Amino acid sequence: MPTTLFKKPNGLTDKKFHYCPGCGHGIVHRLIAECVDEMGDTNNTIICAPVGCAVFIPNYFVYDSIHCAHGRAPATATGIKRTHPDKTVITYQGDGDLASIGMAEIIHAAARGEKFTTVFINNGIYGMTGGQMAPTTLPGMKSTTSQSGRDPKLNGNPIRICELLATLTGPAYIERVAVDSPAHVIRAKAAIKKALQYQKEKLGFSLVEVVSSCPTNWGKTAVKAMEFVKTDMIPYYPLGVYKDIKEGK
Amino acid sequence: MAKVLMKGNEAVGKAAIQAGCKFFAGYPITPQNEVPEYLSRELPLAGGTFIQSESEVAAINMLYGAGGSGARCMTSSSSPGIALKQEGIGYCVFGEIPCVINSVARGGPALGTIQPSQQDYNQATRGGANGDYHIPVLAPASIQEAVNFIKEAFEIADVYRTPVIVLEDGLIGQMMEPVDFDVPVKKREHTPKSEWAMGYGNGNPHLIEGIVMDAPMCEKKNRRFFKEKYEVIEKEEVRYEEYMMDDAEYAFVAYGSSSRICKTAIKTLREKGIKIGLIRPQTLWPFPQVPFQNKNIKLFIDIEMNMGQMVPDVALAVNDKNKVKFFGRCGGMIPSPEEVVEATEKIIGGAK
Amino acid sequence: MGETYRMSCSGFGGQGVMALGKLIVYAGMDEGKEVSWVPSYGPEMRGGTANCSVIVSDEPIASPIVSQNISVNVVMNLPSFHKFVPETAKNGIVFVNSSIISEKVEMPGVKAYYIPANDIANELGNPRMINIIMLGAILGVLPIVKAESIFASGGAFEHVFGVSKAKFIPGNKVAFEKGMECAKAQM
């Protein structure tokens with residue numbers, strides 16, 4: 001008898017991801033779908049697509065979905081969750097979307113303790129528009145708008161979102177994970193699952209920051225990009241739980 | 001029920017609740033603050049959600065989510081705040097979100113002044129979001145009409161799945177008049193939310209669409225809007241009032257507060273033997289065409305609390321720009337009936 | 001019948017000019033008349049001059065703003081006196097709070113009543129009642145609305161100040177009558 005060892009989660013459509021080789025989006029999409037499936041919410045979830053490479057999220061998930069204005073997903077998700085308090089509501093946002101143009105929306109949604117989950121992809125660069133500097137671009141890191149490398153004297157230093165949001169009382173769960181190694185991917189899935197569980201228990205706002213890669217705009221191979229996550233990104237963006245109200249943290 | 005005396009802004013809030021509004025998001029700005037103040041107190045009692053958003057931008061995007069989830073929803077603001085909402089209004093248009101935007105205009109540009117103005121005629125009828133689109137704009141001239149129009153706006157929004165703007169000014173928002181909340185508004189047939197809204201897909205995903213990467217598909221969607229929504233709205237939803245037009249040789253064209261000033265001016269002018277009436281558009285888009293076909297009218301005198309933003313619409317409707325004259329005050333100044341009388345005599349005198 | 005009162009009430013914020021106007025429009029509405037009330041609003045409300053336009057009429061009200069041709073002009077402080085008195089209509093009537101305004105109205109055809117509202121209020125031991133004293137003066141000489149419509153149970157007073165304030169009606173009635181006597185004595 002053949003045994004199924006691995007299959008596509010029910011929450012994903014049959015459409016092939018358009019993401020570049022070595023990009024973290026595909027992994028994270030899959031993790032979300034797995035978690036939602038395991039919680040039995042495949043037909044009970046609404047996902048908010050950002051502006052950025054993940055704008056095509058509605059093509060890949062079987063959930064009801066919405067294309068949000070740039071940075072506004074937390075406001076839009078607020079409207080959705082308040083209307084459907086028993087649905088699982090997820091925003092999926094990149095670093096330009098969440099930490100630059102949408103900073104006000106994410107802070108206030110978190111401060112209000114809105115009961116949805118944000119999956120925040122931090123790859124330190126604008127992907128879809130072609131590699132411009134993000135608020136999370138590391139010092140010295142080259143982008144098309146910081147061609148000699150990010151100069152903190154000119155551009156300030158990168159913003160650490162988990163640390164910033166953890167100062168608020170509204171969030172119930174905040175964790176930073178990465179998807180550069182199998183061990184980290186397993187940990188990332190556990191974090192997403194926990195965040196969704198906290199949402200389900202209506203404990204407050206939850207956010208999982210995923211330190212990810214953008215080989216195309218970083219100008220690296222897929223393998224080198226994953227190495228860069230480990231050697232450069234994670235040291236600046238330490239992994240771990242920043243807020244967990246159940247653990248008194 | 002007997003009439004009650006109410007401030008325009010509070011009456012708008014009450015009308016929204018009566019219309020079944022279940023979600024309101026807004027940000028404080030004068031002269032519409034009584035709308036969120038009223039709803040913060042009353043909407044939760046009616047089983048709805050009130051959110052004081054972090055910004056106007058957030059408020060309209062909350063509507064995008066709530067309306068996209070099938071909730072009857074409204075936001076309210078004033079000129080600079082409506083300017084901030086424009087991007088989100090574009091998303092609500094493209095995503096086909098039924099929602100009501102209450103706009104209580106003040107003098108501009110910029111922070112301008114907080115006094116009443118009609119300087120947002122273009123902002124409402126032309127809009128500031130990107131792309132080709134129209135939004136129905138209802139312009140009440142009294143608190144009673146504001147109440148009726150808010151209720152109708154929710155119906156129109158549902159029928160065509162579009163944002164609807166109710167454009168007032170600070171005068172309508174701040175004044176008190178007796179109002180009857182029991183004037184019936186026709187409930188209208190519309191596509192049930194279970195067929196399109198988020199939260200009702202059940203594995204057959206409902207998408208609120210903000211992007212169509214494929215240009216031919218994007219064009220197709222635009223053309224569908226024009227054919228299925230805008231052409232129908234232009235045919236079905238035009239509203240206007242004609243006042244003392246039966247024997248008129250001249251016509252004021254005015255909406256909202258300025259139309260009331262014209263009515264006072266008409267009394268004085270008629271006492272002086274000038275046969276003048278009023279054409280009052282109640283919808284600014286779609287703009288009425290029929291009353292402007294009146295061949296007895298020698299001059300159409302557009303009176304606004306701005307620098308003449310409606311003139312091009314009047315000239316197009318009259319199809320003779322030489323027959324269209326204008327007088328207005330702006331920046332929060334309200335013309336007095338006496339000023340309007342004087343300006344009219346000058347205009348008519350010059351035409352003889 | 002056919003009468004239209006175009007009224008302006010002006011003074012310092014805190015003198016109760018807005019409430020004075022509201023009392024009249026509530027009473028007017030209850031008597032089946034057409035009414036409107038337009039406040040000034042914004043920064044001038046905070047400690048500066050405040051004013052409201054009130055119209056009570058037997059006909060539908062077109063423009064609700066009363067900034068010119070004021071037929072009933074209530075001025076409670078000096079800046080308001082200077083700003084609004086010149087806008088009084090021919091044959092209009094001005095009510096002046098003479099406790100803090102020493103100037104006189106000198107316009108041909110315009111009748112003025114000088115009501116020392118602050119002094120009367122102080123005598124009564126409640127300086128907050130100056131607007132009610134003024135209201136008494138106005139209704140003492142002009143039949144805009146009936147006194148019963150103001151003070152009756154469920155009337156204008158309870159609407160404007162809340163039912164919980166109904167216990168203050170007797171005291172306010174006294175102030176109202178003092179204002180009325182003062183104006184009638186000048187007829």
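Analyst: In this predicted model, five strands of chain B form an open sheet in the order 10-12-11-14-15, and their pairing is mixed. The two edges are strand 10 (240–243) and strand 15 (324–328) of chain B, each of which pairs on one side only. Direction ignored, neighbouring strands of the sheet are turned by 20° against each other on average.

Helix 9 (residues 256–271) of chain B touches strand 10, strand 11 (250–253), strand 12 (276–281) and strand 14 of chain B. The direction of helix 9 of chain B makes about 170° with that of strand 12 of chain B. Helix 10 (residues 311–318) of chain B touches strand 11, strand 14 and strand 15 of chain B. Its direction makes about 160° with that of strand 15 of chain B.

Of the 352 residues of chain B, 59% count as buried. Taking the contacts in chain B between residues at least 6 apart in sequence, 79% join residues at least 24 apart.

Chain B also meets the other chains. There are two pairs of chains in contact, and chains A and B share the most contacts. Here 26 residues of chain A are in contact with 34 residues of chain B. On the side of chain A, the elements that give two or more residues are strand 2 (64–67), helix 3 (73–83) and helix 5 (103–112) of chain A. Helix 3 of chain A supplies the largest share, eight residues. By class, this side of chain A has 12 nonpolar, nine polar and five charged residues.

Strand 2 of chain A has partners in two chains. With strand 9 (residues 207–208) of chain B it pairs in the parallel sense over two bridges. In that pairing, Leu207(B) is the bridge partner of Ser65(A), and Ile208(B) is the bridge partner of Ile66(A). Inside chain A, strand 2 pairs with strand 1 (residues 45–49) of chain A, in the parallel sense over four bridges. There the bridge partner of Ile46(A) is Asp64(A).

In a regular strand the side chains alternate between the two faces of the sheet. In strand 2 of chain A, Asp64(A) and Ile66(A) point one way while Ser65(A) and His67(A) point the other way, and all are buried.

The contact between chains C and B takes 16 residues from chain C and 19 residues from chain B. Helix 1 (17–30) and strand 2 (34–39) of chain C are the elements that give two or more residues to the side of chain C that touches chain B. The largest share of that side, five residues, comes from strand 2 of chain C. By class, this side of chain C has 11 nonpolar, five polar and no charged residues. Chain A and chain C do not touch, and their nearest C-alpha atoms are 28 Å apart.

Two packed helices are described by the angle between their axes and the distance between the axes. Helix 3 (residues 117–124) and helix 4 (residues 130–141) of chain C pack at an angle of about 115°, with their axes 9 Å apart. Helix 3 of chain C passes helix 4 of chain C in a right-handed crossing. Helix 3 of chain C makes this contact with Ala117(C), Asn118(C), Ile120(C) and Ala121(C), and helix 4 of chain C with Ile130(C), Ile133(C) and Met134(C). The residues of the contact divide into six nonpolar, one polar and no charged.

Technical notes. Residues are numbered from 1 along each chain as its sequence is written. Chains are lettered from A and ligands numbered from 1 in the order in which they are written. This is a predicted model: local features need pLDDT of at least 70, side-chain atom pairs count only at pLDDT 80 or more; totals for chains, interfaces and linings use all residues. A residue is buried if 20 or more other C-beta atoms lie within 10 Å of its own, exposed if 12 or fewer, and partly exposed in between; C-beta atoms are placed from the backbone. Two residues are in contact if their C-beta atoms, placed from the backbone, lie within 7 Å. Axes are lines fitted to C-alpha atoms, for helices over the stretch in contact, and angles run from 0 to 180 degrees between N-to-C directions. A crossing is left-handed if the near helix is turned anticlockwise from the far one by less than a right angle, and right-handed if clockwise. Ala, Val, Leu, Ile, Met, Phe, Trp, Tyr, Cys and Pro count as nonpolar, Asp, Glu, Lys and Arg as charged, and the others, Gly among them, as polar. Two strands pair if DSSP finds at least two bridges between them.
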